[in-house]
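I opened the model to look up a few local features and kept notes as I went. The entries follow in the order I made them.

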Amino acid sequence: MGPIGNRIAWLQGPGANCNDLGPAGPRPWHLVLLGPPGVGKGTQAERIVREFGACQLSTGDLFRSAARDTGGRAPSAAMAMALAAMKRGELVSDGTVVELVRERAQCLACRYGFLLDGFPRTIDQAQALDGILVQVNRHLDAAINFFAPEALIVERLSGRRLCKQCRLSYHIVNQPPRLPGRCDVCGGELIQREDDQPEAIRIRLRAYTATCDPVLAYYRRQGLLREIDASGNPEAVFAHTREVMQSLGVLA
Ligand code: AP5
């Protein structure tokens with residue numbers, strides 16, 4: 001297992017520092033995870049991070065963390081707009097997301113490497129990411145696209161539950177907790193995300209479909225795109241993910 005970033009700087013923004021996790025591995029790797037909402041990016045990201053180290057930088061987690069805890073202060077105007085869009089199931093505007101990522105450029109330069117989950121989602125975001133990476137002298141190893149049939153995605157999202165305390169993710173059928181409604185790890189209450197309601201799921205899938213093709217084409221042109229069929233169970237999908245990472249030579 002490699003060093004797992006604790007994401008303090010990512011979640012809290014400029015000025016916050018992560019704990020020192022000790023020496024980094026021989027070769028920090030830099031991946032983007034792509035795919036529709038509910039395809040299982042977060043589930044795979046958790047496994048990749050647990051097995052191979054690095055930091056999972058999820059824009060969705062960033063927004064949800066801000067929604068839960070603003071340290072007693074009102075969120076910034078940009079963050080307030082992001083939170084309102086997310087609640088409706090809509091994408092947050094490119095300018096807002098890019099600004100929030102740019103503020104956290106130190107995370108992209110992290111010596112442990114990174115796994116970007118949920119960013120970029122549009123061609124403008126992908127181009128902005130390239131610009132930020134040039135500034136911090138890093139480059140992507142690959143963009144991994146997970147795909148699965150829409151009916152399966154809707155089923156995964158409507159059954160998803162999250163621990164209110166530690167945010168671990170479950171599925172009421174596919175990955176049920178040992179005790180119904182309670183987190184296996186911390187005993188916290190399991191809740192449903194607001195944007196996992198049927199109407200918001202529909203809007204999210206539509207928003208994704210409208211923006212995904214140019215992003216896939218962008219990474220395909222650069223020879224960075226890898227595709228993974230995510231319709232199997234989490235272990236089967238992870239076996240493919242591991243193969244892809246091995247083929248990239250990013251594992252020690
Ligand atoms: P974000 O949090 O990134 O949500 P998302 O992309 O909609 O992805 P999800 O987290 O919903 O799905 P996932 O693919 O990670 O699936 P998971 O592993 O949980 O973003 C939320 C919102 O923030 C967006 O809608 C948008 O408004 C905004 N936003 C974020 N980034 C943005 C950006 N860059 N630009 C603009 N707006 C942005 O799996 C789902 C369920 O399925 C779970 O219950 C899991 O247990 C189960 N499951 C997973 N894998 C499997 C499997 N292989 N077999 C069976 N069940 C499985």
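The model is a predicted one.

**Entry 1, sheet.** I looked up strand S5 (residues 160-163) and found it paired with S6 in the antiparallel sense over 3 bridges. That is enough for a pair, because at least two bridges are required. Within this pairing, I noted Arg161 opposite Tyr170 in S6. I then traced the sheet, which is open and has 3 strands in the order S6-S5-S7, with antiparallel pairing. Strand S6 (169-171) and strand S7 (190-191) each have a single partner strand and stand at the edges, so one side of each has no neighbour in the sheet. I also checked what covers the strands: helix H8 (residues 150-158) lies across S5 and S6 and runs at about 35 degrees to S5.

In the loop between S5 and S6 I found Arg167, which is not a glycine and yet has a positive phi of about 70 degrees. Its relative accessible area is 23%, so I put Arg167 down as partly exposed. I noted Asn137 as well, with a positive phi of about 60 degrees although it is not a glycine. Asn137 is in the loop between H7 and strand S4 (142-147). At 66% relative accessibility, Asn137 counts as exposed, because the cut-off for exposed is over 50%.

I checked omega at Pro120 and found the peptide bond from Phe119 to Pro120 to be cis, with omega near 0 degrees. Most peptide bonds are trans. Pro120 is in the loop between strand S3 (114-117) and helix H7 (123-135).

I looked at helix H3 (residues 59-68) and helix H5 (residues 94-103), whose axes come within 12 Å and cross at roughly 90 degrees. I therefore recorded H3 and H5 as roughly perpendicular to each other. From H3, Thr59, Leu62 and Phe63 meet Val97, Leu100 and Val101 in H5. Sorted by class, this contact has 5 nonpolar residues, 1 polar and no charged.

Which residues have the most contacts inside the largest nonpolar core? I listed Phe63, Leu108, Leu116, Leu129 and Tyr219, in a core of 39 residues.

Is Arg47 buried or exposed? At 16% relative accessibility, Arg47 counts as buried, because the cut-off for buried is under 20%. Arg47 is in helix H2 (residues 41-52). Not counting residues up to four places away in sequence, I found Arg47 touching Gln175, Pro234, Glu235 and Phe238.

I located Gly249 in the segment after helix H10 (234-248). With 43% relative accessibility, Gly249 counts as partly exposed. I also took its distance to Arg27: Gly249 and Arg27 are 222 residues apart in sequence, and 9.6 Å apart in space from C-alpha to C-alpha.

Definitions and conventions: Residues numbered from 1 in each chain as written. Predicted model: local features only at pLDDT ≥ 70, side-chain atom pairs only at ≥ 80, totals over all residues. Heavy atoms only, no water. Helix = DSSP H or I, 4+ residues; strand = E, 2+ residues; numbered from the N terminus. Contact = heavy atoms within 4.5 Å. Axes fitted to C-alpha atoms, helices over the stretch in contact; angles between N-to-C directions. Buried < 20%, exposed > 50% of the residue type's maximum accessible area, 1.4 Å probe, protein only. Core = buried A, V, L, I, M, F, W, Y, C linked by side-chain atoms within 4.5 Å. Parallel < 35°, antiparallel > 145°, perpendicular 65-115°, else oblique. Nonpolar A, V, L, I, M, F, W, Y, C, P; charged D, E, K, R; others polar.
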